[in-house]
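Thanks for coming, everyone. Please have the structure open while I talk.

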Amino acid sequence: MDVVAVDISGRHEVNGRYYMLCAAVAARISARHLEKVYQVRQYPRATDTLGLREVSDLVFSATVGLSGLLLAERGDFYNIERWRVQSLLGREFKYPESLGERLAVELAHHISLSGRRLCSEWWRDGSREEEGYGIEGGYEACVQDDILGGLR
Amino acid sequence: MIKETSLPDVMESGDSSDAPDIRRAVLVVREERESDLGEEISEFRGLAVAAGYRVAGVIRQRRGRDSRFQVGRGKIEEALAYRADRIIFYNPLSPGQHYNIRQEFGFSAMDRFNLILEIFASRASSREAKLQVELARLSYEAPFVKRMVSQRKLSERAGFMGSGAYEESIYQDMRSRMAKIRETLKGVERSGAVRRNRRREQGFDLVALAGYTNAGKSTLLNALTGSDVLEKDQLFTTLSPTTRAISSDQDAAGRRVLLTDTVGFIDDLPHFFIKAFHSTLSEISCADLILLVADLSDPPNTLRRKMVTCHKVLWDCGATAPLITALNKVDLVPEGELECRMEAISDLVHQPILVSARDSIGLSDLAGRIKAALLPWREVEITLPNTPLGCGELSRLYRWAEPLCVEFGQDIRVRLRARDQVLDRLGLMAADPRGDRDRRCIDQD
């Protein structure tokens with residue numbers, strides 16, 4: 001079964017903003033295993049608020065062009081019903097049930113976590129520091145300069 | 001608020017006798033607006049029967065959660081009218097709701113989780129099981145006691161004659177008892193790990209039977225091993241792990257396999273419950289192979305729900321071993337229903353095996369699949385001294401490994417196939433400096 005597992009890291013406020021990164025993993029899974037990973041995509045975004053609209057918009061943007069059944073943890077969509085998420089995203093969606101689906105979401109989780117760390121620590125780079133970026137500034141630069149573009 | 005109620009349907013459970021020693025219970029279920037808990041309620045009824053209650057009635061209410069009593073006041077009064085020994089709520093009760101119900105109606109309410117604990121407590125026979133049940137109960141009750149203390153403290157006066165200190169000490173006692181039990185269970189877990197290692201060193205492969213409660217795990221164990229472990233058509237018949245060797249007629253083609261029957265899973269278990277039973281579940285998470293048993297005679301939706309629960313518990317207990325799914329009770333599936341049921345769980349099972357433990361259908365296929373899924377043995381050549389001690393070692397190798405070729409000369413040259421743990425042990429013995437234990441272990445892979 002082809003799936004796209006997504007996970008969002010950074011759903012907490014930092015200096016009044018939310019610096020998030022959505023990881024999308026397009027993979028083929030079985031009931032027990034991840035059979036093959038087709039593509040991994042990271043999509044950073046900073047927002048002022050964190051509502052269902054922002055989350056669904058971020059997930060939608062991160063998964064454009066990736067085919068397969070969308071998978072995400074219940075908490076990512078505030079535990080709302082499956083049909084509501086489907087209507088928000090306009091594509092097939094489900095919460096993970098089998099071990100293989102949970103593995104795919106876990107992989108997306110690790111990618112989003114490490115990707116966000118990479119973004120938020122970008123300011124440590126010498127040139128960025130000279131320009132006076134803070135953690136959030138570095139993240140903004142990361143979003144604007146499309147630093148993760150190479151990973152897509 | 002949309003409030004929809006149904007009349008209490010007095011449905012007698014299996015045992016309709018009015019024997020005075022059978023306790024009567026009324027089940028109270030609150031359903032959300034879109035949900036349909038038909039299957040869950042029949043399972044809830046089964047739990048009550050398994051705990052030794054006769055179900056006097058089921059009261060259902062369709063509404064949002066009532067913050068004070070979980071269901072509406074009228075429904076609790078309706079339940080009280082049955083004059084049953086117990087009123088059991090399907091939905092979990094918060095400490096505040098427990099307190100409010102006791103204060104308002106004067107009885108101690110019980111929820112589904114408490115019911116499961118009661119079943120476990122009545123069936124726990126080993127010391128380990130008793131400790132696990134006690135830990136789960138304490139983990140469940142600790143927040144209640146804390147809430148009770150804070151409620152009483154609202155009217156407490158500080159200083160002399162204040163009741164707070166004593167109440168606090170109950171909570172502290174519970175915490176320290178929990179810590180003590182956890183420590184003891186860690187010891188049990190360690191000894192379990194030692195036992196598993198020893199069995200692996202002796203050439204056994206460890207296969208754990210896992211699955212939803214009443215799926216037929218014990219029956220399958222009996223069918224595969226020829227033993228007579230207690231099997232019953234009731235929930236949670238098995239609590240403590242039971243291990244038996246697969247009998248020679250079902251032997252997985254030369255591999256010596258130990259099957260371990262474990263406690264069944266059930267829906268909506270709190271995480272602390274799984275944590276309390278960690279030492280039992282480690283029999284699954286540390287096995288070489290997991291044999292997931294499902295009851296194919298269930299309707300498709302129920303079958304799917306139970307399979308999802310099994311996958312969730314396996315995920316929670318950190319199982320990493322290969323998984324084989326055996327769909328049991330295939331003989332009870334009505335004609336033409338098989339494909340529909342397989343379709344319902346197609347994304348949750350991979351190449352399932354259809355078996356009937358009671359009628360011995362598909363058992364040889366299952367044994368073959370177990371053999372294929374187990375880790376392959378490595379082939380090595382070793383040399384033993386041609387002395388009585390070396391011959392004794394050779395006879396042990398016949399039990400632990402699969403000798404392929406034995407040549408007797410000045411030394412005994414043995415080409416054998418064995419699992420890694422056995423080969424490691426042979427390597428250790430080779431390193432043993434004692435007298436005539438001079439042997440080599442040559443890995444040919």
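How much area do chain B and chain A bury between them? The answer is about 1,100 Å², with 61% of it on carbon and sulfur atoms, where buried area is the accessible area, taken with a 1.4 Å probe, that two parts lose on being put together, summed over both. On the side of chain B, the residues that lose the most area to chain A are B:His311, B:Trp315 and B:Asp347, which together make up 49% of what that side buries.

Before I go on, a word on how to read all this: this is a predicted model, in which local features need pLDDT of at least 70 and side-chain atom pairs count only at pLDDT 80 or more, while totals for chains, interfaces and linings use all residues. Residues are numbered from 1 along each chain as its sequence is written, chains are lettered from A and ligands numbered from 1 in the order in which they are written, and side-chain values use heavy atoms, with hydrogens and water left out.

Staying with the interface, 15 residues of chain B are in contact with twelve residues of chain A, contact being heavy atoms within 4.5 Å. Two salt bridges are counted between chain B and chain A, a salt bridge being a side-chain nitrogen of Lys or Arg within 4 Å of a carboxyl oxygen of Asp or Glu. In one salt bridge, the side chain of A:Lys94 meets that of B:Asp347 at 3.0 Å, N to O. Helix α10 of chain B, residues 300-316, gives the most to the side that touches chain A, with six residues; helices here are DSSP runs (H or I, at least four residues) and strands likewise (E, at least two), numbered from the N terminus. By class, that side of chain B has eight nonpolar, three polar and four charged residues, where Ala, Val, Leu, Ile, Met, Phe, Trp, Tyr, Cys and Pro count as nonpolar, Asp, Glu, Lys and Arg as charged, and the others, Gly among them, as polar.

On a 1 Å grid over the protein atoms alone, a pocket is an open set of points with protein on both sides within 12 Å along at least five of seven lines, a cavity is a set where a 1.4 Å probe fits but cannot get out, and lining residues have an atom within 4 Å of a point. Grid points are joined across faces, edges and corners, and a volume is the space filled by probe spheres set on the points. The lining of the largest pocket divides into 23 nonpolar, five polar and 22 charged residues.

B:Arg305 also meets B:Glu43 in a salt bridge, at 3.5 Å, N to O. Because B:Glu43 lies in helix α1 and B:Arg305 in helix α10 of chain B, this pair ties together parts that are 262 residues apart in sequence.

Helix α1(B) in turn gives the most to the lining of the second largest pocket, with five residues. About 760 Å³ of space lies in this second largest pocket, and its 39 lining residues include B:Asn214, B:Ala215, B:Asp233, B:Gln234 and B:Lys329, which lie nearest its centre. Its lining has nine nonpolar, 16 polar and 14 charged residues.

And how many cavities of 30 Å³ or more does a search of the whole structure find? It finds three. The largest cavity holds about 80 Å³ of space, and its lining, with ten nonpolar, one polar and no charged residues, includes B:Phe120, B:Phe236 and B:Val313. The second largest cavity holds about 50 Å³, and its lining has five nonpolar, two polar and three charged residues, with B:Arg196, B:Arg199 and B:Glu283 among the residues that line it. The largest share of that lining, three residues, comes from β6(B).
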